Amino acid sequence: MTLKEAKALFDDIVDLCYLLEDHNLNDALDSFYQDVKQACDAYDVLEISSELMFYVDEISSYDQDIEDAKTEIQNIYNKMQDEIE
């Protein structure tokens, strides 16, 4: 996976993260996004995405839309992980 492809997947994850409407996650997204902009390779993007997943995993909700978004985020992250490793 190229750096450009990894960044595109990260952008997809970020878009879905905003649907979760979690204040802590939204605050952290700016920092993660800046880190990804400076990433030198796909492994850096994967590492940053791993840190982001910690925030996503901490969100608990009984709302099906949020659970669906979390599942989609996890699927994109897994795809990134599989293609990079």
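Keep in mind that the model is predicted.

Let's start with a loop. Between α1, residues 3–19, and α2, residues 23–37, there is a loop that holds Glu-21. Look at its backbone. Most residues other than glycine have a negative phi. Glu-21 is not a glycine, yet its phi is positive, at about 50 degrees. Is Glu-21 buried or exposed? Its relative accessibility is 68%, so Glu-21 counts as exposed.

Next, α2 and α3. The two axes come within 10 Å. They cross at roughly 180 degrees. That angle is over 145 degrees, so α2 and α3 count as roughly antiparallel. Who makes the contact? From α2 we have Asn-24, Leu-25, Ala-28, Leu-29, Phe-32, Asp-35 and Val-36. From α3 come Val-45, Ile-48, Glu-51, Leu-52, Tyr-55 and Val-56. Sort the residues of this contact and you get 10 nonpolar, 1 polar and 2 charged.

Two names in that contact, Phe-32 and Tyr-55, take us to the rings. A pair of aromatic rings is described by the distance of the centres and the angle of the planes. How many aromatic pairs are there? The count is 2. Take Phe-32 with Tyr-55. The ring centres are 5.7 Å apart and the planes stand at 75 degrees, so this pair is edge-to-face. Phe-32 sits in α2 and Tyr-55 in α3, so the pair ties together parts 23 residues apart in sequence. Phe-32 is buried, because its relative accessibility is 7%. Tyr-55 has a relative accessible area of 31%, so this residue is partly exposed. Now Phe-54 with Tyr-55. Here the centres are 5.9 Å apart and the planes are at 80 degrees, so this pair is edge-to-face too.

On to α3 and α4. Helix α3 covers residues 42–58, and helix α4 covers residues 64–84. Their axes come within 10 Å and cross at roughly 155 degrees. How do α3 and α4 run, roughly parallel or roughly antiparallel? The crossing angle is over 145 degrees, so they are roughly antiparallel. The crossing of α3 past α4 is left-handed. On the α3 side, the contact uses Ala-42, Tyr-43, Val-45, Leu-46, Ser-49, Ser-50, Met-53, Val-56 and Asp-57. On the α4 side, the partners are Lys-70, Ile-73, Gln-74, Tyr-77, Met-80, Gln-81 and Ile-84. By type, the residues of this contact are 10 nonpolar, 4 polar and 2 charged.

Stay with Asp-57, in helix α3. What does Asp-57 touch, leaving out residues up to four places away in sequence? The answer is Lys-70 and Gln-74. Asp-57 and Lys-70 are 13 residues apart along the chain, and their C-alpha atoms are separated by 8.0 Å. The relative accessibility of Asp-57 is 49%, so this residue counts as partly exposed.

Last stop, Glu-67. This residue is in helix α4. Its relative accessible area is 26%, so Glu-67 is partly exposed. Pair Glu-67 with Asp-44. In sequence they are 23 residues apart. In space, C-alpha to C-alpha, they are 27 Å apart.

To recap: α2 is roughly antiparallel to α3, and α3 is roughly antiparallel to α4.

Terms used. Residues are numbered from 1 along each chain as its sequence is written. This is a predicted model: local features need pLDDT of at least 70, side-chain atom pairs count only at pLDDT 80 or more; totals for chains, interfaces and linings use all residues. Side-chain values use heavy atoms; hydrogens and water are left out. Helices (H or I, at least four residues) and strands (E, at least two) are DSSP runs, numbered from the N terminus. Buried means under 20% relative accessible area, exposed over 50%, partly exposed in between (1.4 Å probe, protein chains only). Axes are lines fitted to C-alpha atoms, for helices over the stretch in contact, and angles run from 0 to 180 degrees between N-to-C directions. Angles under 35 degrees count as roughly parallel, over 145 as roughly antiparallel, 65 to 115 as roughly perpendicular and the rest as oblique. A crossing is left-handed if the near helix is turned anticlockwise from the far one by less than a right angle, and right-handed if clockwise. Contact means heavy atoms within 4.5 Å. Ala, Val, Leu, Ile, Met, Phe, Trp, Tyr, Cys and Pro count as nonpolar, Asp, Glu, Lys and Arg as charged, and the others, Gly among them, as polar. Rings of Phe, Tyr and Trp (its six-membered ring) pair if their centres lie within 6.5 Å; planes under 30 degrees apart count as stacked, over 60 as edge-to-face and the rest as tilted.
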